[in-house]
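Dear colleague,

I am passing on a structure that I would be glad to have you look over. The file comes first, and my notes on it come after.

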Number of protein chains: 2
Amino acid sequence: MIISTRGRYALRIMTALGQRGKSSSLRELAAEQDVPYKYAESIVRSLVKEGLIESARGKNGGYSLTRRPGEYTLAEVLKAAETSLAATDCTGRKEAECPRAATCPTLPVWRALDETVTQFLSGYTLLDLMPKQ
Amino acid sequence: MIISTRGRYALRIMTALGQRGKSSSLRELAAEQDVPYKYAESIVRSLVKEGLIESARGKNGGYSLTRRPGEYTLAEVLKAAETSLAATDCTGRKEAECPRAATCPTLPVWRALDETVTQFLSGYTLLDLMPKQ
DNA sequence: TAAATTCCTATCGATTCGATAGGAATTATA
DNA sequence: TATAATTCCTATCGAATCGATAGGAATTTA
């Protein structure tokens, strides 16, 4: 599965952060977005690590976007949240392991497919997921 | 994972059938293509059921293509072999189950992505996977 | 009748994935 | 200074999926 629950949760959380504008506690966010709190924690940690959002610790802490919603493409959010966006193991986690790689006739096809998917997902931003106005 | 081992094995088997031209026993084919025999059995049964290949039972039986290699797109072979080619559960097996579907802002994006992937994979045929000459 | 094949059902073991538990570290504020 | 609210971290669970295997029934040729 190229896009899993984890990535879709990430989009919901990021979009909600964009709508709120200010720093938000994850407890509120997760409840509002119907994302299991503990799972949400693990997701936002990925997003922080990848530099997509900012965190403030301690009381009154929370998370916030570092850019405007229109400046995040779906491709980069999903890549930050997912283990791999590759369409196949051949271009994903098991990339280096395949002994056939040198002569494999389909490998170039998978690479081109990944590029096509990335291009497609780069054509949308968080703004496209927010209700108009 | 949008394209799994099962689908890639299917492409190898179909391509090999194309190169042989005539009816081939799966024992030979699987050995030649390094596909586990019993797993290959399950794959070709899908391909037969979807009408992509023909089977002959009994001694001297085997499998053969029903069209020329250039007339099979990767999209249709993969769709026949895989459980689902959908990029996400939202447009795949759990499609009907999502209560958010009616208002989900990302659902149209996933549908368009699936269409993009299908278009891409329809741009190649088995012939493209066969060595030149 | 024997041998080679396709067809069918059932199951296994490993891996992944969504989700949870429990607590450490940090910070504002009463 | 104590407390409460938060982010951060590690470890683990249960279910589902997936690649692979086992065992045999049905079919066909010779």
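Predicted model: local features only at pLDDT ≥ 70, side-chain atom pairs only at ≥ 80, totals over all residues.

Along the principal axes, the C-alpha atoms of chain A fill a box of roughly 55 × 30 × 25 Å. Of its 133 residues, 35% count as buried, and among the contacts in chain A with a separation of 6 or more, 65% are accounted for by residues 24 or more positions apart.

The two strands of chain A, β1 (residues 53-56) and β2(A), run antiparallel and are joined by four bridges. Within this pairing A:Ile53 stands opposite A:Leu65, while A:Ala56 stands opposite A:Gly62. The hairpin that β1(A) and β2(A) form has five residues between the strands, and in it A:Gly58 takes a positive phi near 80 degrees. In chain B, strand β1 (residues 53-56) likewise pairs with β2(B) in the antiparallel sense over four bridges, and there B:Ser55 stands opposite B:Tyr63. The hairpin of β1(B) and β2(B) has five residues between its strands, with B:Gly58 at a positive phi near 80 degrees.

One loop residue deserves a separate note, namely A:Glu82, which lies between α4 (74-81) and α5 (107-121) of chain A. Not counting residues up to four places away in sequence, A:Glu82 touches A:Ile3, A:Ser4, A:Arg6 and A:Gly7. As for A:Arg93, 11 residues from A:Glu82 along the chain, the C-alpha atoms of the two are separated by 12 Å.

The largest nonpolar core has 72 residues, and those with the most contacts inside it come from both chains: A:Ala10, A:Ile13 and A:Val77, together with B:Ala10, B:Ile13 and B:Val77. If its neighbours within four places in sequence are left aside, B:Ala10 is in contact with B:Ile43, B:Leu47, B:Val77, B:Leu78 and B:Ala81.

Turning to the pairing of the chains, the contact takes 17 residues from chain B and 17 residues from chain A. On the side of chain B that touches chain A, the elements giving two or more residues are α1 and α5 (107-121) of chain B, and the largest share, five residues, comes from α5(B). By residue type, this side of chain B divides into 12 nonpolar, three polar and two charged.

How are the two copies related? Chain B can be laid on chain A with an RMSD of 0.0 Å by a turn of 180 degrees and a shift of 0.0 Å along the axis, and this is the relation of a two-fold axis. In chain B, the C-alpha nearest the axis belongs to B:Met1, at 1.7 Å from it. The same surface serves both copies, in that 100% of the contact residues of chain B recur in chain A.

Finally, there are the surfaces near the DNA. Around DNA strand C there are 25 residues, of which A:Ser4, A:Pro36, A:Lys38, A:Gly58 and B:Ser55 come nearest. At least two residues of this surface are supplied by each of α1 (5-20) and α3 (37-49) of chain A, and by each of α2 (26-33), α3 (37-49) and β2 (62-65) of chain B. The residues of the surface near DNA strand C comprise five nonpolar, 11 polar and nine charged.

DNA strand D is likewise surrounded by 25 residues, the closest being A:Ser55, B:Ser4, B:Pro36, B:Lys38 and B:Gly58. For this surface, the elements that each supply at least two residues are α2 (26-33), α3 and β2 (62-65) of chain A, with α1 (5-20) and α3 of chain B. The surface near DNA strand D divides into five nonpolar, 11 polar and nine charged residues.

With best regards

Terms used:
Residues numbered from 1 in each chain as written. Chains lettered and ligands numbered in written order. Near = placed C-beta within 6 Å. Nonpolar A, V, L, I, M, F, W, Y, C, P; charged D, E, K, R; others polar. Core = buried A, V, L, I, M, F, W, Y, C linked by C-beta atoms within 7 Å. Buried ≥ 20, exposed ≤ 12 C-beta atoms within 10 Å, placed from the backbone. Contact = placed C-beta atoms within 7 Å. Least-squares fit on C-alpha atoms with pLDDT ≥ 70 in both. Pairing = 2+ DSSP bridges.
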